[in-house]
Amino acid sequence: MSVWQKKLGLYLDLIRWSRPAGWLLLLWPTLGALWVAAGGFPGWHLLAVFVLGTVLMRSAGCCVNDVADREFDRHVKRTAQRPVTSGVLSVKEALGVGAVLALLSFALVLTTNRITVLLSFAALAVTLIYPFAKRWVSMPQAVLGLAFSMGIPMAFAAVQGAVPPLAWWLMLGNLFWVLAYDTEYAMVDRDDDLKIGIKTSAITLGRLDVPAVLLFYLLFIGIWHVALMHKGLGAIYLVAMGVALVQVAWHYSLIRHRSREGCFKAFRLNHWLGFAVFAGIAAGYAVS
């Protein structure tokens, strides 16, 4: 294996290329918003911009996160071997990769309109702030929720040239979904995080973590459903929302004993819940 092949492998590991769940969690609500904003299929140009932009920005976020958390990650078994933490990639290299990915994403945004470009700066700011939030904010998952929801107003802006109240309601609902799945993620590392002094929602909520996660899921589904009721998406959409609710019950069965394995499995499978909601929206518009 050549030096460049090894480097490429390290860069792919840095951006979690083999673990697509992260960018899928970003993608489904963004696409859902894109479909709602357009009243159906938004066209190939915007679809490509938001799919590729989501993957690129999530990957850039991984680079920043790993640099910011490299000292903490050494003390967590699950993250100790990440490229920056283990020293096989330098901080400069990781930030360089992140900068290139962010610039590529910005190039895509430049093909839309002015308001979408302006919102992209806000999205970038929140992305850069999040890795440091866990040092001071008792529930940094809320900051992540903002970062992972910025694609929603950007989707409306790209389609409509404005951000209506509906976009902000969908963004609020999505923030609760992020709180749900990232609290599950935080439950995996709770013992390690307590030792090293990181703040997380799992630590802040304590024994209320499991009921809080369920409440967050229900708020996400409930807000999106109420916000979209007037769209007339039909029975297939209602079935999809029912499938999402069934998955919430499944997640409860996985996390109720608070085992690392169960909580991590619940987190990893969240993208299926997001897919169910998006599929219901897309199918509803297709048959309405």
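The largest cavity has a volume of about 40 Å³. A cavity here is a set of points, on a 1 Å grid over the protein atoms alone, where a 1.4 Å probe fits but cannot get out, and lining residues have an atom within 4 Å of a point. Its volume is the space filled by probe spheres set on the points, which are joined across faces, edges and corners.

The model is predicted: local features need pLDDT of at least 70, side-chain atom pairs count only at pLDDT 80 or more, and totals for chains, interfaces and linings use all residues. Numbering runs from 1 along each chain as its sequence is written, and side-chain values use heavy atoms, with hydrogens and water left out.

The structure holds 1 cavity of 30 Å³ or more. These elements each give two or more residues to the lining of the largest cavity:

| Element | Residues |
|---|---|
| α2 | 21–38 |
| α13 | 209–228 |
| α16 | 270–287 |

Helices are DSSP runs (H or I, at least four residues), numbered from the N terminus.

W224 is one of the lining residues, which also include W28, P29 and V277. W224 touches P29 and V277, among others (heavy atoms within 4.5 Å), not counting residues up to four places away in sequence. In the largest nonpolar core, of 90 residues, F156, W224 and I281 touch the most other members. Such a core is a set of buried Ala, Val, Leu, Ile, Met, Phe, Trp, Tyr and Cys residues joined through side-chain atoms within 4.5 Å.

T116 lies in helix α7 (residues 114–133). T116 is buried, at 1% relative accessible area (buried means under 20%, with a 1.4 Å probe and protein chains only).

Definitions and conventions: Buried means under 20% relative accessible area, exposed over 50%, partly exposed in between (1.4 Å probe, protein chains only). On a 1 Å grid over the protein atoms alone, a cavity is a set of points where a 1.4 Å probe fits but cannot get out, and a pocket is an open set with protein on both sides within 12 Å along at least five of seven lines; lining residues have an atom within 4 Å of a point.
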